[in-house]
Amino acid sequence: MRNLREDLRVPDAKADLYLVGLGIGGFNRRTIETDEALRSCATILHLTAFDKEIREQYTSNIINLQSTYEATDHAVTAYELMEEFVFDHVERNHFLGSVAFMTYGHPLFLVNSGWNLLERCSSLGFRAKALPATSFVDQVLIDLGKRFDAGVQLYEAATFMQHEVAVDPRFPLLLSQVGDFGTDSLRINGNRVARLMPLLEYVKASYPADRMCTLIMSPWRSDMGPEMAVVSVGDIETLVSSIHTGCSLYVDGIYD
């Protein structure tokens, strides 16, 4: 087992497992730090649409986790299976060299498996390190053209509703995972209106009817642009037909 006395937050500290995010917007959004770490890894395990690009760029053993991800429709179970696959690979093969687990965005933002792997590796003496990457928040800031660095209320949609968060309507609201609200399935079926309306009605009750809101999906490829639908809060229910996995909801404040 490894001695964890060294501070893995030091940029050039080495690890048995690197948690890597590609950022949002395409394969070329990865950082130089990320690229260097990937080139040093013996194995790269990834859940992205860039298998071809990864294999062309790196000489590591490349493992696409798509089949593991698609083994079940239950989202939590799917990520637990991937987490188990990654950890098992680290445990069995760390002597061959470092392992990377690659996803979109930031490796610790809305990625429970990243946090679980950090904790699990630490408890068993393996060095696990997350590398900085752009999250969807960074991309939304650009795509929306809204200045919310003075303050923004940021919540994951299900948590927002679970705790019935009381917002301050003077400040903007950004809800992530809106498309996944009300379901634990990866392949979403059923009555979309019944599933989404509690969330939209709660937002509607929290902001003035004439305040504008934007449903947004930022691009995950370099040849895509952001997809947006803008309505007033009073007409927020008209967004239901446009909501799908990957969407976020932004409500204007008076200070943005």
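Mentor: Here's a close look at helix 5 and its surroundings. Bear in mind that this is a predicted model, where local features need pLDDT of at least 70, side-chain atom pairs count only at pLDDT 80 or more, and totals for chains, interfaces and linings use all residues. Residues are numbered from 1 along each chain as its sequence is written, and side-chain values use heavy atoms, with hydrogens and water left out.

Helices (H or I, at least four residues) and strands (E, at least two) are DSSP runs, numbered from the N terminus. Helix 5 covers residues 112-123. At 1.5 Å a residue (times one less than the number of residues), its 12 residues should span 16 Å, and the end C-alpha atoms sit 17 Å apart, which agrees.

Ser113, Gly114, Leu117, Leu118 and Cys121 are its buried residues, meaning under 20% relative accessible area, with exposed over 50% and partly exposed in between (1.4 Å probe, protein chains only). They cover an arc of only 140 degrees around the axis, so they lie on the same side of helix 5; the arc is taken over directions from the helix axis to the C-beta atoms. Asn112, Glu119 and Ser123 are exposed on the face turned away from that buried side.

What does the buried side pack against? Strand 1 (17-21), helix 4, strand 4 (99-103) and strand 5 (128-130), with contact meaning heavy atoms within 4.5 Å. On helix 4, Tyr79, Glu83, Glu84, Val86 and Phe87 meet Ser113, Asn116, Leu117, Arg120 and Cys121 of helix 5. Just after helix 5, Gly125 takes a positive phi of about 90 degrees.

Key:
Axes are lines fitted to C-alpha atoms, for helices over the stretch in contact, and angles run from 0 to 180 degrees between N-to-C directions.
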